Amino acid sequence: MATRAAPLFDAATVADRWIADHCAHALHGDVLCAQADDPAWRALFEELAAVAGDDWDQLRDRARRHAEDIGTGFRIVGEGEERPWPLSPVPLLLEKPEWEGIAAGVTQRAELLEAVLADLYGPGNLVSGGHVPAMLVTGSPYFLRPLDRLEPPGGRHLHFVAFDLCRGPTGEWRVLADHVRAPAGAGFALENRLAMARTAGGLQSRLNIERHAPFFAGFRGGLAALCRRVDPRIALLTPGRLNPSYAEQAHLARYLGFLLAEGADLLVREDQLYVRTIAGLKRIDAVWHRLDPRLLDPLALDSHSTIGVAGLVDAMAAGNLLVANAPGAALVEAPAFAAFLPALAQHLLGAPLSLPNIATWWCGGEAERAHVAANLDQLLVAPAFGPPPLGLPSGKPALGATLNADQRAALLDDFTRRPQDYVGQEVVHLSTMPVPGEGGLVPRPFTLRVFAARDAQGGWTVLPGGFARIGMHEDVRAAVMGEGSWSADVCVYGSDPVAPVSLLPSVDTVQLRRNPGTLPSRVADNLFWLGRYLERGEALLGVLRVLLGHSISADTGAALSPDTVARLVRLVVAAGAAPEPKSLRRADLTQLARTAMEGGEGWYSVRSINAQARSIGQVSRDRLSADMIRLLDAPFPDRGVLLDRAGSLQRRYSALVGLAGEHMARTDAWRFHDLGRRVERAEAMLRSLRAFGGADATLDDLSTLLDLADSQISYRQRYISGISRMPVVDLVALDPGNPRGVAFQAGAISAHLNALPVLSDNGLAEPQQEQARGLAAALVTAKVQTLDAALVDGLLHRLFELSRAISTRYFLQGAEPLRSASMILA
């Protein structure tokens with residue numbers, strides 16, 4: 001029996017050395033050094049050493065790969081491309097007693113913010129009693145007057161909140177910022193945990209780490225409990241793929257079972273929110289939004305919004321829609337409110353804040369204004385409400401001591417005119433935690449984002465851990481660290497075993513269902529065009545591979561005739577992939593192929609088509625597998641000769657076909673993806689047939705047609721005597737058993753459309769179904785002897801009209817809400 005070879009190092013020895021080396025040069029207040037005797041940290045480093053020995057580069061790479069496999073990414077505002085998620089392989093460890101204190105403070109703070117919102121949008125006693133200045137409320141851009149005196153469904157303004165915490169050098173925890181507008185990061189915390197579980201899998205059971213699933217189950221149950229239907233439909237409303245945290249939103253929607261929707265997917269009708277689907281309008285009971293709340297409803301709020309839903313506030317006011325969080329909740333997120341929370345806690349809750357704020361002075365008061373002006377060099381100056389005032393460089397918070405003379409003069413000038421736009425805050429010094437650096441562990445400052453959500457009982461549940469954001473430099477001032485450059489998982493551990501919990505409910509409590517759920521029209525549109533773009537790229541690549549393989553290669557003995565090469569060139573030029581070459585000489589054809597393969601702006605090249613498919617993949621993360629997304633995101637091959645690169649791309653296309661064919665369930669989503677492929681393939685085959693299958697077709701033309709239809713083997717298995725026009729045309733155009741042929745595509749298109757939902761129950765075919773059946777019938781009854789250019793052109797026209805009918809019936813048509821007089825409302 002084979003035995004595993006003993007490791008060449010001792011993990012415990014490596015762990016001890018890491019800890020000792022780190023604490024030898026760490027700053028005062030480093031969490032590892034403060035708890036160096038805690039066996040939990042030693043266990044953590046033993047697990048990491050067991051994975052990668054003494055190689056921190058390998059550990060970093062391992063964590064990065066696992067994060068990429070999960071699909072974790074983010075986008076910087078203003079950038080078009082996503083960046084990989086920067087995950088440190090060293091998590092932050094918090095012992096359960098310490099965490100319980102944090103969780104209690106988080107719950108208290110959430111209750112306080114709820115109480116403040118209930119009053120400010122209700123009776124207004126805090127303002128009339130002098131506890132909150134009226135200017136702090138009415139002067140805030142986040143005070144939404146249409147929400148005044150509007151009690152949200154369920155009577156709660158807050159359902160999901162986040163707080164940024166900092167740990168001081170002496171171990172105390174304080175609150176840096178509140179996030180109630182559209183709290184982001186819970187998905188990143190979940191993805192960090194999944195990636196770390198793959199990086200150091202033994203850590204979970206060894207340290208009894210608290211799990212995340214109960215928190216998300218509680219949040220989902222809390223939203224469902226406040227809906228009017230027993231089995232509600234809940235949507236996660238996203239601004240779209242250019243939002244910095246879109247990847248996180250897609251991951252959360254998939255994990256929670258929520259419908260990922262954009263504003264264009266939704267409409268309000270008779271004070272009820274609906275999603276536009278391929279089967280008509282479907283009722284939405286609750287929305288968890290990730291938009292700026294001012295953009296949620298262009299009728300009631302910001303009329304310039306193009307990403308909101310007109311009438312959404314009316315649906316909320318009618319009690320038909322739960323919105324998490326209520327649109328006006330951002331009022332208490334303003335930094336200026338932090339100055340009043342300690343006194344409000346005492347007034348409303350009868351107790352001081354368990355998690356204190358960092359010291360904050362709102363400059364709308366005379367004494368506070370004077371304090372900030374007198375102590376400018378010792379304070380951080382920040383916007384009071386979020387929007388940047390004129391006196392701050394770049395519109396961002398600034399350390400008073402770092403301002404030059406001109407900046408200081410500009411600040412004080414605007415500060416004198418509008419002091420209510422500013423707050424002064426103490427300069428906070430952060431604890432550090434170990435992070436892999438050059439040659440070993442280095443101490444870096446960190447902040448902790450924690451999350452709380454309402455559960456089905458209406459109370460608050462706190463996500464055990466959250467995620468840490470880590471600074472790039474040694475400077476421990478929070479203002480210098482900013483948003484951080486790395487993230488880390490945060491593990492809450494204890495002595496008691498943790499029961500495994502899943503979001504999957506008990507089989508005895510779930511009604512069985514084989515209906516895959518709601519398919520929004522926008523998603524169907526995306527999947528349809530994803531199929532078309534992938535097939536279009538593959539078809540163009542097929543033309544280039546024939547051109548490269550049979551006419552350009554200097555070593556081939558099977559060069560095509562000039563007429564056949566000219567027809568191939570015309571296909572490329574007609575597709576807009578490259579300009580007309582000067583001649584059919586090898587150099588000009590090579591340049592044509594290079595442009596058609598990798599041409600940039602102005603040419604509809606394979607690279608451009610791939611970019612279109614990639615952009616659709618980025619907005620379809622909740623519908624496609626991680627492997628499919630990874631292939632769509634793969635960089636375009638730039639090395640090697642053209643023919644080799646074409647082969648590499650061909651294999652990638654084949655892998656995508658395989659993933660779609662074998663990994664996508666046979667739902668309506670898959671049908672639209674395959675429908676797009678079939679329509680595009682039929683068009684490509686008909687164009688090839690028109691170019692190479694005419695009555696004057698030569699032997700080279702017919703062989704090229706078989707190559708483009710990937711039917712050489714099928715033909716030679718049937719016909720031993722050689723290539724002849726009639727058998728070739730029949731195989732490519734009319735044979736229903738050839739999966740690359742036109743007749744096969746027409747049959748598949750008709751079958752897909754017959755299986756899709758219809759808008760009425762009268763049993764009659766819809767227009768797109770009738771057209772598909774007509775196209776399939778025309779090919780079934782056609783004779784190869786009469787299949788001329790006019791008939792091929794007619795089939796192309798019918799296919800174009802069918803594609804337009806599919807688009808009209810199933811996809812969004814601008815602002816048009818309905819596509820039929822009778823719609824399904826469910």
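**Rings, charges and backbone**

Arginine 666 lies over the face of tryptophan 670, at 4.2 Å from the ring centre, where a charge counts as sitting over a ring if NZ of Lys or CZ of Arg is within 6 Å of the ring centre and within 35 degrees of the ring normal. The model is predicted, so that local features need pLDDT of at least 70 and side-chain atom pairs count only at pLDDT 80 or more, while totals for chains, interfaces and linings use all residues. Residues are numbered from 1 along each chain as its sequence is written, and side-chain values use heavy atoms, with hydrogens and water left out.

Across the whole structure, a search finds 25 aromatic pairs (rings of Phe, Tyr and Trp, the last by its six-membered ring, with centres within 6.5 Å; planes under 30 degrees apart are stacked, over 60 edge-to-face and the rest tilted). One of them joins phenylalanine 188 and phenylalanine 467 edge-to-face, at 6.4 Å centre to centre with 80° between the planes. This pair links distant parts of the chain, helix 8 and strand 20, its residues being 279 apart (helices are DSSP runs of H or I of at least four residues, strands runs of E of at least two, numbered from the N terminus). Both phenylalanine 188 and phenylalanine 467 are buried, that is, under 20% relative accessible area, against over 50% for exposed and partly exposed in between, with a 1.4 Å probe and protein chains only.

In the backbone, arginine 149 has a positive phi near 65° without being a glycine, and this residue is exposed at 59% relative accessible area. The peptide bond from alanine 324 to asparagine 325 is cis, with omega near -10°.
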